[in-house]
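Hello,

Here is the model we talked about, ready for you to open in your viewer. My notes on it follow below the structure.

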Amino acid sequence: QAQLVESGGDLVQPGGSLTLSCAASGNILSIYTMAWFRQAPGKQRELVATITRGGNTNYANSVKGRFTISRENAKNTVSLQMSSLKPEDTAVYYCNADIRTITSATANYWGQGTQVTVSS
């Protein structure tokens, strides 16, 4: 089994910046694609950004040019740097990853979420 734990959520003013982090732990053999999702109140969870093990990235149109996803394979971590934040970025942000462990085949894991609120 593996676990994902996010951190870094906070209250930030419009136009501000924030960095989210996610650390994977457990009997990990390999982590493949990692991603950030978000869910605003009353809305469906949506994909924000993905990054492959090799570093290829993709972003939702709504965050392109403002958000940057990165990972450190040696540390089993993924980060999301967010800038020029808007009130519509307010949501619970979830870390997601495809992980193979010593005791199980590759499976998809979710973190518990971290709240980001953009408000003046």
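W110 has a relative accessibility of 38%, so this residue counts as partly exposed; that class lies between buried (under 20% relative accessible area) and exposed (over 50%), with a 1.4 Å probe and protein chains only. Y94, in contrast, is buried, at 13%.

Before going on, a word on the basis. This is a predicted model, in which local features need pLDDT of at least 70 and side-chain atom pairs count only at pLDDT 80 or more, while totals for chains, interfaces and linings use all residues. Residues are numbered from 1 along each chain as its sequence is written, and side-chain values use heavy atoms, with hydrogens and water left out.

**The aromatic cluster**

Searching the whole structure gives two aromatic pairs. Rings of Phe, Tyr and Trp (its six-membered ring) pair if their centres lie within 6.5 Å, and planes under 30 degrees apart count as stacked, over 60 as edge-to-face and the rest as tilted. Y94 and W110 form an edge-to-face pair because their planes stand at 85°, with the ring centres 6.4 Å apart. Since Y94 belongs to strand β9 (residues 91-101) and W110 to strand β10 (residues 107-110), this pair ties together parts 16 residues apart in sequence. Strands here are DSSP runs (E, at least two residues), numbered from the N terminus. Ring pairs also bring in F37, giving a cluster of F37, Y94 and W110.

What sits over the ring of Y94? The charged end of R45 does, 3.7 Å from the ring centre. R45 also lies over the face of W110, at 4.6 Å from that ring's centre. The criterion is NZ of Lys or CZ of Arg within 6 Å of the ring centre and within 35 degrees of the ring normal.

**The strands**

Four strands make an open sheet in the order β1-β3-β8-β7, with antiparallel pairing; two strands pair if DSSP finds at least two bridges between them. At the edges are β1 (2-7) and β7 (67-72), each pairing on one side only. Within the sheet, β3 (residues 18-26) and β8 (residues 77-82) run antiparallel and are joined by six bridges, and L18 has M82 as its bridge partner in β8.

Strand β11 (residues 114-118) has T114, V116 and V118 on its covered face, and Q115 and T117 on the uncovered one. Strand β2 (residues 11-12) pairs with β11 in the parallel sense over two bridges, with V118 as the partner of V12. β9 and β11 run antiparallel, joined by three bridges, and A91 is partnered by V116.

Best wishes
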